[in-house]
Amino acid sequence: MLILTTFLTSCAGVKTLEIFKKEVPRENLNLDKPTPLELENLRWIIITSENAEEVFKKLEEQGIDPVLWGLTDKDFEMLAKNFARIRNQLKITNDLLDKYKEYYETPVKKKQ
């Protein structure tokens, strides 16, 4: 009986929820636009079967160890497509941020 009384009296202080009765203004997102990346400059050297020896000689004269990474013309095309996809995804993300800021930071017009 004592336990039942304790449970019943502890529920007496419950407040009613005011979920839809009180309008709360939207908070500003305070999101900064991502800053553009500052990438390192690369030097592209085109090596063909005709100029390979000359290029290696120049690299060695400059004190550069002539280690090469190669791409075929098809691989280079895929690399360009991948960078285009990355740029497109970044644009979509920036546009989404703009929409969120527009939604949250523009004043709401009250209905009359």
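Basis. I worked on a predicted model, in which local features need pLDDT of at least 70 and side-chain atom pairs count only at pLDDT 80 or more, while totals for chains, interfaces and linings use all residues. Residues are numbered from 1 along each chain as its sequence is written, and side-chain values use heavy atoms, with hydrogens and water left out.

Elements. I noted three helices and zero strands, in the order α-α-α from the N terminus. Helices (H or I, at least four residues) and strands (E, at least two) are DSSP runs, numbered from the N terminus.

Salt bridges. I counted three in the structure. Glu54 and Lys58 both lie in helix α2, four residues apart, about one turn of the helix. In helix α3 (residues 73-105), Lys81 and Glu77 are likewise four residues apart, and their closest N and O atoms are 3.6 Å apart. Lys91 and Asp95, also in helix α3, meet at 2.8 Å, N to O.

Exposure. I used buried for under 20% relative accessible area, exposed for over 50% and partly exposed for in between (1.4 Å probe, protein chains only). Glu54 is partly exposed at 46%, and Asp95 is partly exposed at 34%. Buried residues make up 4% of the 112 residues.

Trp44. I placed Trp44 in the loop between α1 (2-10) and α2 (52-61); Trp44 is exposed, with a relative accessible area of 57%. Together with Leu42, Leu71 and Phe76, Trp44 makes a nonpolar surface patch of about 500 Å². Patches are made of residues with over 30% relative accessible area and no salt bridge, like charges being joined within 9 Å and nonpolar side chains (Val, Leu, Ile, Met, Phe, Trp, Tyr) within 5 Å. Accessible areas come from the Shrake-Rupley method with a 1.4 Å probe, and for residues only the protein chains shown count as cover.

Leu31. I found Leu31 in the loop between α1 and α2, partly exposed at 35%. Leu31 and Tyr100 are 69 residues apart in sequence, yet 9.4 Å apart in space, C-alpha to C-alpha.

How values were computed. Salt bridge = Lys/Arg side-chain N within 4 Å of Asp/Glu carboxyl O.
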